[in-house]
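Student: I would like to go through this entry and ask what stands behind each label. Please set the values against the cut-offs as we go.

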There are 2 protein chains.
Amino acid sequence: MPKTRRADAARNRDKLLDAAAAVFGERGLDAPLEEVARRAGVSIGTLYNHFPARQDFFDAIFPARLAALDRLAETALADPDPWAGFAAYVEGLVALQAGDRGLNDVLARGFPLASELGEACHRGFAHLDRLVERAKESGRLRGDFETSDMVPLMWAMSQIIRESKDAGPEVWRRFLGFVLDGLRAGAAHPLPVPALSREQVAGFMDGTSPGA
Amino acid sequence: MPKTRRADAARNRDKLLDAAAAVFGERGLDAPLEEVARRAGVSIGTLYNHFPARQDFFDAIFPARLAALDRLAETALADPDPWAGFAAYVEGLVALQAGDRGLNDVLARGFPLASELGEACHRGFAHLDRLVERAKESGRLRGDFETSDMVPLMWAMSQIIRESKDAGPEVWRRFLGFVLDGLRAGAAHPLPVPALSREQVAGFMDGTSPGA
DNA sequence: CTGGAAATTGAGGATGACCTCAACTTAGCA
DNA sequence: TGCTAAGTTGAGGTCATCCTCAATTTCCAG
């Protein structure tokens with residue numbers, strides 16, 4: 001039923017999507033839409049015709065990228081070494097956002113989740129649960145680590161990536177090294193505060209967060 | 001020579017300073033100046049008369065706060081246990097920015113450093129050098145930790161503080177627990193990337209950083 | 001008390017982003 | 001080849017912030 005679209009309109013839609021992917025990838029999710037229109041070689045009016053709200057771009061762009069997360073999780077779960085699998089997943093997740101400012105924003109904020117994105121996120125958490133469980137059972141991941149601890153971890157890494165992009169784009173690997181060393185069972189010392197609850201995590205996902 | 005200022009002008013200046021401290025503390029360094037003027041009960045023109053540039057507020061406000069850092073460092077250096085001193089310093093530093101959105105911004109960004117602030121920062125690094133040195137010599141802090149690693153650490157914590165302020169204002173303590181566990185000598189595994197150099201760190205301090 | 005220097009005021013110009021819509025252009029069917 | 005619905009256009013309204021400056025008010029020294 002969307003087949004009845006005119007050819008030029010379809011072309012413009014694609015150009016907009018390409019431009020949006022590029023612009024959001026470079027400048028983040030708050031990039032001006034006029035820049036997207038400009039880069040697509042299309043007027044701002046046409047942009048709003050195809051994507052009435054900024055969120056519509058996100059819904060069109062990110063599901064495909066989030067598929068990469070699923071693949072990452074599968075590879076990680078296939079690793080015979082549970083700790084290596086866990087570590088590889090975390091590192092892979094951070095590496096993905098290091099190369100994509102838009103994805104970085106998605107992970108960094110109390111994210112602007114919609115429909116399909118929400119599901120992808122749910123799947124991500126499910127995968128993560130299994131990875132964490134497996135790594136804990138193997139005795140290599142500290143027992144008091146919880147899946148929800150991944151959220152602050154992503155916040156942290158996202159900021160490091162943003163700040164260091166220009167002057168030292170690899171530092172995040174070093175910092176992640178420190179953190180992972182702190183997550184090994186042998187390193188564990190008692191923690192002063194309980195992990196975020198499911199409800200708290202959910203709170204970050206719909207509540208709009210203040211910019212920085 | 002600034003003695004020749006009129007009494008009302010001095011009063012207004014103080015009101016502006018108080019208002020600015022409050023507003024920047026709540027909303028961060030990008031808070032609208034009109035809000036500062038409004039809260040000071042003064043017109044926007046007067047604000048610009050006293051503080052022609054936003055930076056002038058920072059220069060007037062932050063040196064006093066940075067004195068707290070010096071005190072913190074002294075306490076930490078006085079601790080007979082070098083590791084405890086180091087850990088207390090880090091925790092104190094993070095705690096300070098947890099209570100002050102403005103200070104958080106100062107630490108989080110490729111900061112907007114000026115004159116006096118720059119010096120305070122230098123002092124901070126000098127203190128930190130000694131704390132790190134001492135903790136390493138005691139064999140409790142991992143040998144490959146460098147003073148400049150503190151910069152990404154502050155970036156990381158600042159983001160966690162910002163994101164969690166509303167829904168779980170204590171999570172940062174938990175995450176810092178993980179990180180500190182990773183900094184203990186016993187936890188160390190080889191790192192994939194060298195620390196930031198002095199020059200790189202300096203690069204963050206003048207280069208204006210993009211907002212978030 | 002008073003004159004003039006010092007300070008204050010706030011309307012308004014500049015900027016950059018958002019979004020709309022009436023007028024125009026064009027694809028594609030008959 | 002028209003003709004029309006689908007699509008495009010971009011000037012311009014809205015909004016939030018920045019910053020300026022001519023007119024006005026206030027302080028205080030003489």
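**Labels and their grounds**

Tutor: On the side of DNA strand D, the surface draws at least two residues from each of helix 1 (7-27) and helix 3 (44-50) of chain A, and from each of helix 1 (7-27), helix 2 (33-40) and helix 3 (44-50) of chain B. Keep in mind that this is a predicted model.

Student: What makes a residue count as near a strand, and which residues come nearest to DNA strand D?

Tutor: The C-beta atom, placed from the backbone, has to lie within 6 Å of the strand. There are 21 residues around DNA strand D, and Asn12(A), Ser43(A), Gly45(A), Ala7(B) and Gly45(B) come nearest. Helix 3 of chain A gives the most to this surface, four residues.

Student: Which residues come nearest to DNA strand C, and which helix supplies the largest share of that surface?

Tutor: Around DNA strand C there are 21 residues, of which Ala7(A), Gly45(A), Asn12(B), Ser43(B) and Gly45(B) come nearest. Helix 3 of chain B supplies the largest share, four residues. At least two residues each come from helix 1, helix 2 (33-40) and helix 3 of chain A, and from helix 1 and helix 3 of chain B.

Student: How do the residues near DNA strand C divide by class?

Tutor: Eight are nonpolar, six polar and seven charged. The surface near DNA strand D has eight nonpolar, six polar and seven charged residues. Gly counts as polar in this scheme, a point to remember for Gly45(A) and Gly45(B), which are among the residues nearest to DNA strand C.

Student: Where does the UniProt record place the "DNA-binding region" of chain A?

Tutor: The unreviewed UniProt entry places that feature at residues 32-51 of chain A. In the model this span is 75% helix and 0% strand, and its end C-alpha atoms lie 14 Å apart. The UniProt record also has "domain: HTH tetR-type", again from an unreviewed entry, at residues 10-69 of chain A. For residues 10-69 the ends are 28 Å apart, C-alpha to C-alpha, with 82% helix and 0% strand.

Student: How many helices and how many strands are there in chain A?

Tutor: Chain A has ten helices and zero strands. The C-alpha trace spans about 60 × 40 × 30 Å along its principal axes.

Student: What makes helix 6 of chain B mostly covered?

Tutor: The threshold for buried is 20 or more other C-beta atoms within 10 Å. In helix 6 (residues 101-108) of chain B, eight of the eight residues are buried. Among them are Arg101(B), Asn104(B) and Asp105(B), as well as Leu103(B) and Val106(B). The cover includes helix 8 (150-164) of chain A, and from chain B helix 1, helix 4 (54-78), helix 5 (82-98) and helix 8 (150-164). For chain A as a whole, 41% of the 212 residues count as buried.

Student: Which residues touch the most other members of the largest nonpolar core?

Tutor: Phe86(A) and Phe86(B) do, in a core of 118 residues. Leaving out residues up to four places away in sequence, Phe86(B) touches Ala76(B), Leu131(B), Val132(B), Ala135(B) and Leu141(B).

Student: How many residues of chain B are in contact with chain A?

Tutor: 39 residues of chain B are in contact with 39 residues of chain A. On the chain B side, helix 8, helix 9 (171-183) and helix 10 (198-206) each supply at least two residues. Helix 9 of chain B provides the largest share, ten residues. By class, this side has 20 nonpolar, twelve polar and seven charged residues.

Student: Why is it said that the copies meet through the same surface?

Tutor: Because 100% of the interface residues of chain B are also interface residues in chain A.

Definitions and conventions. Residues are numbered from 1 along each chain as its sequence is written. Chains are lettered from A and ligands numbered from 1 in the order in which they are written. This is a predicted model: local features need pLDDT of at least 70, side-chain atom pairs count only at pLDDT 80 or more; totals for chains, interfaces and linings use all residues. UniProt positions are given in the numbering used here, feature names are shortened, and annotations may be inferred rather than shown by experiment. A residue is buried if 20 or more other C-beta atoms lie within 10 Å of its own, exposed if 12 or fewer, and partly exposed in between; C-beta atoms are placed from the backbone. Two residues are in contact if their C-beta atoms, placed from the backbone, lie within 7 Å. A nonpolar core is a set of buried Ala, Val, Leu, Ile, Met, Phe, Trp, Tyr and Cys residues joined through C-beta atoms within 7 Å.
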